[in-house]
Amino acid sequence: MWERTLQDLIRGLRANKNDESKFIGQAMDEIKHEIKSKDMELKAGAVMKLTYLDMLGYDMSWASFHIVEVMSSPKIHIKSVGYLGAVQSFNEDTDVLMLTTNLLKKDLSSTPADVAVTLNGVSSIMTPDLARDLSPELVGMLNHSRAHIRKRAVAAMYRVFQKYPDALRHGIGRLQEKLEDSDPGVVCATVNVLCELARINPQDYLPLAPQLFHLLTTSSNNWMLIKIVKLFGSLSPHEPRLVKKLQPPITDLISTTSAISLLYECVHTCIIGNMLQGITGDSLARTCVSKLAAFIEDQDQNLKYIALLAMVKIVPTHPYLVAEHQDTILSSVDDEDISIRMRALDLLSALVNRDNIQSIVQQLLSHLVKPESSAVPSAVQSLSQHIVPSAPAKSPGAPSQSTAYRLVLSQRIMTMCSQNTYDNVSDFEWYLSVLVDLAYVSNVDIGTQIRDQLVDVVGRVKAARSYAVKLMVKVLSDDTFLLHAGEQGGCSEVLWAAAWICGEYCSELSAPDELIPYLLQPEIASLRPDITAVCIQSATKLFGYWASEAAKQWTDSFLEDLKKAVDIMIEQMGQFASSNQIEVQERAANVLQLLIFIKRDVAMYKPKHENGFSDPSAAAFDPVIEPSFPKSLYLIQPLFSSHELNPVAPIAQASVPVPDGLDLDAWIVPSMQDRVAEEGDDGDVTERKIKRNKKGKEKESGSRMKVKGGKKKQKEGGYQEELAPQEEETAEEKAERARLKAERLERMRDDPYYIMDDRSQKPPVEDVDSIPVVRLDGPLPQPKGIIFLSTHMKMTDTLAEEPRLPGLRSSASMRSAPPLFVVEKEGEMPAGVVMTPQPSTPVPSSRRQTPNLFDVTMTPPPSLPSFQSYEVPDDELRTSTPEPIKVVRAKKKGTGTAKKKRAVKPEMKAGDQDTVVTH
């Protein structure tokens, strides 16, 4: 029979690519026949072909016993084939390995050629049992007369130590002697083994430091020096005295070697071995940074990558040295390799400080600006490109234009500026401009993070509020975010922050009426419900502030303009009152009722030429004399301006002590099951309820008679239960039932979501003059000017002082002297709180969860001592709190068919800016 060799098998595979599986099947049949032959040459050839097929993915574990037979051949070329097959296919679960122990011991005591082949093979098939049984022979091989045997034995000992750690006790001493071996190859192999072992327990190998230091200063083998330097990098943290000893030779290697790999290992060892401290460490650090900077400028991408990695580790100890190469590092951000870009961003994040943050951020922002070469080329341009080949343009999928990279870059910019509560930011007007620019050019979904940053900065830095309001007016007047609200990367959440800032700090606006049309334009309804709700709330604040300012310098000629302004507000607010979003609908409906009240008050207002008061603000709250302006102009503004909104400390809520007697786990209103269980202890009430159930069932079986006490409708698959009224009721039970009903009605009266049915009561007579005059706030500030709401959307000159966005803002500000920015980092704490150390670290502001609408706009409870208290004139001081005043809207006669609205108690909590009270 003709036998195929390994070369024939390879040729056959190449010739049968279309039907490879069939050819492999025929070849495996032949191999199975050949491997059972008694001819060792034929058996070895079959093992060679199996080894080749195993590398192609075909299993050869079924031939493990035949491989052991080939390993036992006395001929070296056949034995080598057997060990090759064992290395390729054997593992710890191979059953026949237990049969090889004596064979391996025999081969280790054979000729040098057999020993060399055995040492090569045993290193790959080592198991714990083999390591235990062969360790004495392998330790003995370390003193073999031939250098290549000693080198192979050293490498095999590493596998023995891995599988059988107990061998270290009697083998490490012999291995240490090989550091002084006469053959350089044996010494290099020994250093390699010690370097790998020292990664697990470095302190166990500190006694080897003198010998290793001698090799470091005398050897010229770069590969062995790399291993020695690595080994010292593992030992130095455990022995500080090594640092001073190693600095001179390491510095000499860095300055003189031409091997890039050795140079990098020396720099890396200096970093991880704490060798860059002290006076001598500074000079060494400068040398390392200069070498790494040269790596960054190299054309080799691998050198750039490892240099950036190493510089990130040097920045914490020597940032000023790395900062000298800032331009070189920034050039790596524009590299085509995305991995180099990410490492450069890591380095810049660690390098940033108050001095260089503006230049770094501005250059990073420039990478987010898309090129303007997106226009379709003309026919002439296309033809010229075919005739004269030009440089290939950057593909749209380049890293600078990929969504993932742009998202990381945008988030990294905000992280650099906001870390440690804005420690790196010295000019917050610049940072606010950066956030707005980022919203325009990022083109990724980071609107939520930008919104949180804007609100957080304005809340913490009071000096930046005036500029923030002016900047947010530009954002609201630009329709870019409205047009791209539904697109990916539209960042429409910035409108949330813009509306909230302009509404909360509307006193910074010179013309608040001109901003209201932007907040109530019909396109706002297409935004997310939370954004629309904030726009409605902010428009209400702006109108309230504008109305109060207009009342301070009131003249009768303003009356017609005021009526038009109120009508416009009602018309614009009415479109949101019919929204299908409950939050938008409720806010718009509340504001609409306030505006209707103002409209009626303005319609009933009659100009008074003389009232005897020179100060209009004094006449506004006089209980007798009517003011010279409509009193309803001061209805809205005090609802939102009671107290200033300040940041709250992260641990404020957790620091509030629980009052004595308060159980937070107990039910506020016990459920009916709990109430029945408590009453069932007496036995009377529970028994009576059971009787009612029985009586109801009897009546149900007899007839379908209606019961005065009511009945429950039968559900599918259930049963009908009727509760019969109690025939005999004692006086105590009647009193208890009346008391429970009164309490229930009282709770319903205070519930704003429950409509009281008072049709049986006679509607009160309309008496507008009986509405009490109440002082809603203290003396108001003097007006700066009279502003009126206009139907035209016009912007004042102050909104055109700076160029229109989008556009990257330069770091230089237009002001002559920047204001002093003070960041309120701690936040407010409740009264009487004892500060205790918190185990958890506060979450950075850039990662905080998006605040709820009420969390942002509502101020804390009035019990906080940091808030201002109401200023009441001395002649009106009271010794006790007066009863709440019930304000009832009067109805005209003849409307008895309509439901009478319930009275509302205007009990305003101090600082509650979201409370809507009907006056």
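At what angle do the axes of helix 9 and helix 11 cross? In this predicted model, the crossing angle is roughly 10°. The axes of helix 9 (residues 147–163) and helix 11 (residues 184–198) come within 8 Å. Angles under 35 degrees count as roughly parallel, so helix 9 is roughly parallel to helix 11. Helix 9 contributes Ala147, Arg150, Lys151, Val154, Ala155, Tyr158 and Phe161 to the contact. Helix 11 contributes Gly185, Val186, Ala189, Thr190, Val193, Glu196 and Leu197. By class, nine of the residues in this contact are nonpolar, two are polar and three are charged.

Salt bridges number 29. One of them joins Glu504 and Lys541, with N to O at 3.0 Å. Glu504 lies in helix 28 (residues 493–504) and Lys541 in helix 30 (residues 529–552), so the pair ties together parts 37 residues apart in sequence. Both residues, Glu504 and Lys541, are buried.

Asp334 and Arg341 also form a salt bridge, and their closest N and O atoms are 3.9 Å apart. Arg341 is buried, at 1% relative accessibility. Asp334 is partly exposed, at 43%. In the salt bridge between Glu239 and Arg241, the N to O distance is 2.8 Å. Arg241 is exposed, with 68% relative accessibility. A network of salt bridges links Arg451, Asp452, Glu493, Arg528 and Asp530.

Confidence was also examined. The protein chain averages a pLDDT of 75, and 71% of the residues score at least 70. Over residues 610–614, pLDDT stays under 50. Residues 616–620 also have a pLDDT below 50. Where pLDDT is low, the predicted coordinates should not be read in detail.

How values were computed
Residues are numbered from 1 along each chain as its sequence is written. This is a predicted model: local features need pLDDT of at least 70, side-chain atom pairs count only at pLDDT 80 or more; totals for chains, interfaces and linings use all residues. Side-chain values use heavy atoms; hydrogens and water are left out. pLDDT is the predictor's confidence in each residue, from 0 to 100. Contact means heavy atoms within 4.5 Å. Axes are lines fitted to C-alpha atoms, for helices over the stretch in contact, and angles run from 0 to 180 degrees between N-to-C directions. Helices (H or I, at least four residues) and strands (E, at least two) are DSSP runs, numbered from the N terminus. Angles under 35 degrees count as roughly parallel, over 145 as roughly antiparallel, 65 to 115 as roughly perpendicular and the rest as oblique. Ala, Val, Leu, Ile, Met, Phe, Trp, Tyr, Cys and Pro count as nonpolar, Asp, Glu, Lys and Arg as charged, and the others, Gly among them, as polar. A salt bridge is a side-chain nitrogen of Lys or Arg within 4 Å of a carboxyl oxygen of Asp or Glu. Buried means under 20% relative accessible area, exposed over 50%, partly exposed in between (1.4 Å probe, protein chains only).
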